[in-house]
Structure formats: C-alpha cells, structure tokens
Amino acid sequence: MTTAPEGGVPHDLITMGRVSVDVYPRQVGVPLEDVETFGKYLGGSATNVAVAAARYGRRSAVITRTGADPFGRFVHAALKGYGVDDRFVTEMPGLPTPLAFCEIFPPDDFPLYFYRYPKAPDMEIRAGELDLDAIAAARIFWATVTGLSQEPSREATVAALAAHPGTTVLDLDYRPMFWESPDAARARVREALRHATVAVGNLDECEVAVGEREPRAAARALLDRGVSVAVVKQGPRGVLAASADGVVEVPPTPVEVVNGLGAGDAFGGALCHGLLSGWDLERIVRFAGAAGAIVASRLACADAMPAADEVERLLAARRTPGPGSEVTA
C-alpha cells in the first residue's frame with residue numbers, strides 16, 4: 001500500500017476496517033424471504049466513516065480489501081464517486097467481496113446478515129503492507145474493534161494505531177458474530193486502547209470493552225484506560241461524552257426512523273469533522289448526533305451521509321418529537 005497523498009498534502013482522515021456491498025430491501029416491514037426488490041450500496045463501518053467525512057470536504061481514505069470480483073470494482077467506483085481516496089483498497093484473490101443484507105422494521109428493529117465467508121478480505125489486511133508514513137501523517141486515524149477479531153488484521157490494526165502520533169479513534173464496533181466471546185474481545189480492546197486518544201461506542205460496546213454499562217462509569221473506565229475523550233452513545237437517551245475537562249450530555253435529535261443502520265457511522269464521520277474543526281466537545285456531539293439522525297431517516301448508509309449544511313439546518317430546526325422516534329446514532 002503506497003505513496004503519500006496527492007500533492008503531498010496529508011489526509012485529514014484515514015480509516016481502516018470493514019467494507020461491504022450492502023444489499024438492502026426496498027420494501028419496509030417485509031422479511032427478507034418476501035422482499036422482491038433490493039438496492040445496492042457501499043457499506044462497512046470504516047468505509048462509511050470515510051465517506052461521511054468526505055461529505056464535509058475532508059480529505060479521507062480507507063484501508064481495506066475486496067475480492068477480485070465485480071463487487072470489488074463497485075467498491076472502487078463508489079469510493080471515487082464519494083471523493084474518498086481508494087489507493088489503500090487492495091484485492092485479495094480467492095475471497096469474495098463481502099455482502100450485507102438487512103431487514104427493515106422501523107423504528108428499532110433492523111436485523112443484519114453478513115456474508116463474509118470463508119473469510120472477509122478486510123480481515124487479510126497485513127501490517128507489512130501498510131503505508132505507515134501516510135497513516136502517521138494523517139490528522140486523524142480511525143480503527144475498529146472488528147479489525148481486532150482475526151489475524152492478520154489484528155496485528156495490522158494495532159501497528160497502524162501505534163504508528164499514529166496524534167488523534168487516533170477506536171470505534172468499539174463490537175459484532176458478536178465475529179468473536180468467540182465478549183471476554184476475548186475485551187482483552188483485545190484493552191490492548192488497542194493503549195494506542196487510542198478517542199473511544200466511541202454504544203452501551204453494549206462499552207460493556208464489552210471495559211465491563212461497564214452505566215454511561216458515566218463506562219466513560220470513566222475508558223478515560224482510565226488512557227483515552228482523552230470517551231463518547232458513550234445511549235440511543236434514545238442521547239450521548240454522553242467525557243474528557244479531563246468534564247462531562248457533556250446531549251439529548252437525541254428527533255426524526256422519523258427509516259433505517260437505523262449507518263447512523264453510527266454518520267456520527268463517526270461527523271465526530272471526526274468536529275475534531276478536525278477544533279470545536280468544543282458539546283458542539284461536536286450535537287453535530288454528530290444530528291448527522292446520525294439524518295441517516296437514520298434514510299434507507300442507505302454511505303448514500304445517505306449528509307453535508308454540513310443539512311446537519312446545521314436540522315440543528316437549527318430542532319423541534320419537539322412528533323410521531324416518529326428519537327434517535328441518536
């Protein structure tokens with residue numbers, strides 16, 4: 001994986017982790033066996049975060065791998081279309097590009113089915129292939145807990161985190177189907193947190209990471225592990241964020257939920273935008289929560305990522321909840 005960013009300008013954000021082609025039903029409230037038409041979208045948490053940041057004009061790239069197949073070609077074309085640097089996206093012959101299917105039962109039931117067999121190419125990212133100079137030069141590096149679930153991705157993820165001298169975000173992104181147990185994940189997360197300055201996750205993910213589910217206790221435990229900022233997403237209760245300067249709590253942004261998948265990735269891209277902009281923690285979390293809510297009100301993930309003016313309009317038009325659901329990614 002090669003070379004410095006175009007023109008010698010470092011990336012604002014490099015993410016590393018999952019990619020997929022999301023195959024989502026166009027019928028809402030219908031089980032997969034009865035769905036008749038689907039849409040095809042770019043997906044995968046780390047990939048979506050890079051897309052979300054690019055929507056704010058950030059120079060972003062993703063480190064991942066695809067199969068040598070038509071879906072892999074789709075990934076490259078989609079990334080370029082969103083303005084995301086795809087130079088670190090490489091093929092893994094013999095493994096298919098992952099697919100992800102979901103069912104859509106608003107407001108809060110979105111079963112997700114991963115097709116990552118026999119092994120996902122993004123689990124074959126290798127430390128020796130990383131462009132550590134580009135990673136170190138990026139203003140923010142973002143990695144996910146899923147990347148710690150198998151070798152050689154595990155070694156590569158820790159190496160990349162360790163190579164970055166500045167803001168490193170660990171997305172707690174725990175997916176049970178990728179791990180033998182929560183305890184196994186916790187041990188790997190503990191190692192990765194040593195190299196992270198920001199940790200972000202929902203209540204379930206925080207419980208796996210540090211054994212705490214109560215939001216303030218979870219945030220304290222993450223800060224005790226060495227991060228400077230801990231972000232705990234609480235769904236309908238909003239977001240709690242903590243740093244050495246104190247704790248901020250932000251209520252959810254009310255929207256009519258269509259598909260909750262991808263909202264967390266929108267939150268992540270907006271979080272990075274706020275960090276890059278030098279905003280205070282409360283402003284960052286408000287902006288990120290509104291970005292996540294916008295994506296929850298739409299069908300797709302990457303396709304749904306908002307621009308800054310959309311987020312600001314929603315924040316300006318905050319209203320009392322209507323007949324929908326309050327969602328914070």
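Before the first pair of helices, a word on how the angles are taken: an axis is a line fitted to C-alpha atoms, for helices over the stretch in contact, and angles run from 0 to 180 degrees between N-to-C directions. Please also keep in mind that this is a predicted model.

On the H9 side, the residues involved are Arg283, Arg286, Phe287, Ala290, Ala291, Ala293 and Ile294. They meet Ala308, Glu310, Val311, Glu312, Leu314 and Leu315 of H10. Sorted by class, this contact has nine nonpolar residues, four charged ones and no polar ones.

The second pair is H6, residues 203-210, with H7, residues 215-224. Here the axes come within 10 Å and cross at roughly 45°. That makes H6 oblique to H7. The crossing is left-handed. H6 brings Leu203, Cys206 and Val210 to the contact, while H7 brings Pro215, Ala218, Ala221 and Leu222. What classes of residue are found in the contact of H6 with H7? Seven are nonpolar, with no polar and no charged residues.

Staying with H6, six of its eight residues are buried, so the helix is mostly covered. The buried ones are Leu203, Glu205, Cys206, Val208, Ala209 and Val210. Their cover includes helix H5 (182-193), strand E10 (198-202), H7 and strand E11 (229-233).

Now helix H1, residues 45-54. How many of its ten residues are buried? Ten of the ten are, so H1 is largely enclosed by the rest of the structure. The buried residues include Ser45, Thr47 and Asn48, along with Val49 and Val51. The buried residues of H1 pack against strands E1 (13-16), E3 (38-43) and E4 (60-66), against helices H2 (70-82) and H8 (263-277), and against strand E8.

Next, the nonpolar cores. The largest has 46 residues, and those touching the most other members are Ile63, Phe141, Leu170 and Leu222. Leu222 has come up already, as one of the H7 residues in contact with H6. Phe141, leaving aside neighbours within four places in sequence, is in contact with Ile14, Met16, Ile63, Ile135, Ala160, Leu161, His164, Thr167, Thr168 and Val169. Apart from that core lies another, of 30 residues, with Phe267, Ile284, Ile294 and Val311 among them. Ile294 and Val311 were also in the contact between H9 and H10.

One more phenylalanine. Phe101 sits in strand E6, residues 99-102. Leaving aside neighbours within four places in sequence, Phe101 is in contact with Val23, Leu32, Phe38, Pro111, Leu112, Tyr113 and Tyr115.

Last, the peptide bonds. Most peptide bonds are trans. The bond from Tyr117 to Pro118 is cis, with omega near -5°. Pro118 lies in the loop between strand E7 (112-115) and helix H3 (132-137). Glu151 and Pro152 are also joined by a cis peptide bond, with omega about 0°. Where is Pro152 found? In the loop between strand E8 (140-144) and helix H4 (153-163). That is the end of my notes.

Terms used:
Residues are numbered from 1 along each chain as its sequence is written. This is a predicted model: local features need pLDDT of at least 70, side-chain atom pairs count only at pLDDT 80 or more; totals for chains, interfaces and linings use all residues. Side-chain values use heavy atoms; hydrogens and water are left out. A nonpolar core is a set of buried Ala, Val, Leu, Ile, Met, Phe, Trp, Tyr and Cys residues joined through side-chain atoms within 4.5 Å. Buried means under 20% relative accessible area, exposed over 50%, partly exposed in between (1.4 Å probe, protein chains only). Contact means heavy atoms within 4.5 Å. Helices (H or I, at least four residues) and strands (E, at least two) are DSSP runs, numbered from the N terminus. Angles under 35 degrees count as roughly parallel, over 145 as roughly antiparallel, 65 to 115 as roughly perpendicular and the rest as oblique. A crossing is left-handed if the near helix is turned anticlockwise from the far one by less than a right angle, and right-handed if clockwise. Ala, Val, Leu, Ile, Met, Phe, Trp, Tyr, Cys and Pro count as nonpolar, Asp, Glu, Lys and Arg as charged, and the others, Gly among them, as polar.
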